[in-house]
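Reader: Please take one part of this model and go through it closely. I would also like to know how the rest is laid out around it.

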Amino acid sequence: VLAGPQGTLFGRNTTGGAIRITTRAPSFTPTATMSASYGRFDALNLRGFLSGPISDKVAVSVASNYSRQDGYINDLVRGGKIDGAKRFAIRGAILFQPTDRLDITVSGDYLRNDDPTGAAVSALNGYFGQTATSLVPRSPRDYIGSIKPAQNVLQAGGSLKAVYDLGFGSLMALTAYRHTRINSAIEVDRTPDQLIDLTDHRLVNVFSQELQLSSNDDGPFTWLIGGYYSDSDAAYSPVTLIGSLAGGSTAIYNKAKSTIYAGFVNGTYKFGDFEVTGGLRYN
């Protein structure tokens, strides 16, 4: 937990601080864990982690997760249940330690998540155009939308991290790339009438590069100097609005490009039980 308020080191949108989650690094000590669970609606969850050395200078790790669950929301328009959820994720990493001073970690991950539950929402207390013969949901587990809900996410990424011990401190370089694709179908008007529904096809590609030079923890004064670069391309390709309020069918194509440059410096001096920290960031 990185306490705020500050945005000098943590970057954009972190004035209140940040929660940093770091995955387990490859280990030169053989390690393996597995878990499985089963619940209602045939809910199955399998997890596994494996790590160990392949030489005295190279270690690898693989983590994977698979889960599935039958649908439990009643589709009053088409009959049966809304489709269930499926999720598969895998992450792998290779750690090279060619010298006592240099660590290089190459990692990659892949995620596929298909879960329409979050889009299967209906109005419980009446809706525009409702009549005495209209379909009416009786509980949050009833769905009356004119469009079949969907939410499909594919995400993949990779990174290369190198850390070199300079004696007085360390130099770190981190290069990363991430691809995200989202396809969804959402019942916007929450009724069985096709007033306005939405199908969303979204793409995001992000490349980033960060450099940091930091001191070790010896002495009362510690410091860090760094730079950051990011280039991202996002697109709706397309968002389609369907229904009488959308004029039949309206497709919207849109692209957005974002380029970020940042430089930052931070230092802390300790006076016994007290410390003073100062920092600057240009973004």
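Author: Helices (H or I, at least four residues) and strands (E, at least two) are DSSP runs, numbered from the N terminus. By that rule the chain has 15 strands and zero helices. The model is a predicted one, in which local features need pLDDT of at least 70 and side-chain atom pairs count only at pLDDT 80 or more, while totals for chains, interfaces and linings use all residues. Residues are numbered from 1 along each chain as its sequence is written, and side-chain values use heavy atoms, with hydrogens and water left out.

S3 covers residues 31–39 and S4 covers residues 43–53; they run antiparallel, joined by nine bridges. Two strands count as paired if DSSP finds at least two bridges between them.

Most residues other than glycine have a negative phi, and most peptide bonds are trans. Phe41 is not a glycine, yet its phi is positive, about 60°. Asp42 is not a glycine either, and its phi is positive at about 55°. Phe41 has 29% relative accessibility and so counts as partly exposed. Asp42 has a relative accessible area of 35%, which makes it partly exposed. The cut-offs are these: buried is under 20% relative accessible area, exposed is over 50%, and partly exposed lies in between (1.4 Å probe, protein chains only).

What else does Phe41 meet? One answer comes from Tyr72, which is in the loop between strand S5 (58–69) and strand S6 (74–75). Setting aside neighbours within four places in sequence, Tyr72 is in contact with Phe41, Lys81, Thr117 and Arg141; contact means heavy atoms within 4.5 Å. Tyr72 and Ile82 are ten residues apart along the chain, and their C-alpha atoms are separated by 6.9 Å. Tyr72 counts as partly exposed, because its relative accessibility is 26%.

Strand S10 (residues 150–165) is joined to strand S11 (residues 169–187) by 16 bridges, and the two run antiparallel. Three residues lie between the strands of this hairpin, among them Gly167, with a positive phi near 90°. Val153 stands opposite Ile182 in S11. S10 also runs antiparallel to strand S8 (residues 102–114), with 13 bridges between them. Here Tyr110 has Ala156 of S10 as its bridge partner.

Gln151 belongs to S10.

A cis peptide bond joins Ser237 to Pro238, with omega about -10°. Ser232 also lies in S13. Ser232 is buried, because its relative accessible area is 17%. Not counting residues up to four places away in sequence, Ser232 touches Asn205, Val206, Ala256, Lys257 and Ser258.

Now the whole chain. The C-alpha atoms fill a box of roughly 80 × 45 × 40 Å along the principal axes. The radius of gyration is 25 Å, while a compact globule of 283 residues would have one near 19 Å; the value is taken over C-alpha atoms, and the globule rule is 2.2 Å times the number of residues to the power 0.38. Of the 283 residues, 27% are buried. The chain exposes about 17000 Å², of which carbon and sulfur atoms supply 58%; these areas come from the Shrake-Rupley method with a 1.4 Å probe.

Of the contacts between residues at least 6 apart in sequence, 56% join residues at least 24 apart. The 26 positive and 24 negative charges have mean positions 3 Å apart. Lys and Arg count as positive and Asp and Glu as negative, leaving out His and the chain ends, and each charge is placed at NZ of Lys, CZ of Arg, CG of Asp or CD of Glu.
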